[in-house]
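The following note sets out points for a colleague who has the coordinates at hand.

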Amino acid sequence: MDIALYYAPITCALAPYITLTEAGAKFEARPLNFRKDQHKSAEYLKINPKHKVPLLVVDGKVLSESTAIQIWIARTFPQAKLLPADPWQELKAISLMSWCASGIHPFLARINSPPRVCDVPGADESVRRLAKGQLFENYKIADDMLAGREYFFDHFTAPDAYFFWCFRRGSLFDLDLSQFANCTAHFERMKSRPSVQKLLAYEKSVQAEFAKAA
Ligand SMILES: N[C@@H](CCC(=O)N[C@@H](CS)C(=O)NCC(=O)O)C(=O)O
């Protein structure tokens, strides 16, 4: 099977990179340089008109949307137990990933780029403040879920990789996340996993390559 993952540093594409690595999958990461608008090139738009990552290409077939990609990885590599075995718990895991995609990610995107949602002059700070309020409400929910637990379920699963990205992305803004002690502990725990260390080393190497090309 030929698996390729379109990826860009810092983005949510790091989550499937982690789960593919956890699964022991052989895959090719194809980095896109957003600063050079490679995600908007005619060639990429042909396979993903949404101009986003992650994008998975499996034997020439294309799959977009993080949650679907994570489910595909989990189903294709069942031995990695990337989703809980119990059907209800499996749905809870899918629910968690949908929440990352639609309940957390949009607020991170607003903080990252306020003009994409409001072009009123001088509105950036308001957009950031409102998005931060909603982001923190969601981090608090995750913090409560993670109380007394190492992972969202009784072992590492795909939602851990996805939430790791959600929390990491927030940590890269000028935000004080210290009130979310359980999310912070989860974040540190995730960083000690070999899959995450591999991802972080890969991200560094891609960033160095892009810096050279700047
Ligand atoms: N709904 C998509 C969102 C993916 C997404 O927004 N990716 C961002 C990076 S975190 C991106 O590629 N942005 C580039 C753009 O919007 O042009 C998913 O869940 O996979």
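1. The largest pocket has a lining of 31 residues, and those nearest its centre are Cys12, Lys52, His105, Ala109 and Arg116. A pocket here is an open set of points on a 1 Å grid over the protein atoms alone, where a 1.4 Å probe fits, with protein on both sides within 12 Å along at least five of seven lines; lining residues have an atom within 4 Å of a point.

2. The model is predicted: local features need pLDDT of at least 70 and side-chain atom pairs pLDDT 80 or more, whereas totals for chains, interfaces and linings use all residues. Residues are numbered from 1 along each chain as its sequence is written, and side-chain values use heavy atoms, leaving out hydrogens and water.

3. The space in the largest pocket is about 900 Å³, a volume being the space filled by probe spheres set on grid points joined across faces, edges and corners. Helix α4 gives the largest share of this lining, seven residues. Helices are DSSP runs (H or I, at least four residues), numbered from the N terminus. The lining comprises 13 nonpolar, ten polar and eight charged residues; Ala, Val, Leu, Ile, Met, Phe, Trp, Tyr, Cys and Pro count as nonpolar, Asp, Glu, Lys and Arg as charged, and the others, Gly among them, as polar.

4. The second largest pocket holds about 360 Å³. Its lining includes Ala8, Pro9, Phe34, Arg35 and Phe210, and divides into seven nonpolar, three polar and two charged residues.

5. Eight salt bridges are found in the whole structure, each a side-chain nitrogen of Lys or Arg within 4 Å of a carboxyl oxygen of Asp or Glu. Lysine 140 pairs with aspartate 144, with the closest N and O atoms 2.8 Å apart. These two residues are four apart in helix α5, about one helical turn.

6. Arginine 168 and glutamate 203 form a salt bridge at 2.6 Å between the closest N and O atoms. This pair links distant parts of the chain, helix α6 and helix α8 (residues 194–213), 35 residues apart. Arginine 168 is buried at 13% relative accessible area, and glutamate 203 is buried at 3%.

Methods: Buried < 20%, exposed > 50% of the residue type's maximum accessible area, 1.4 Å probe, protein only.
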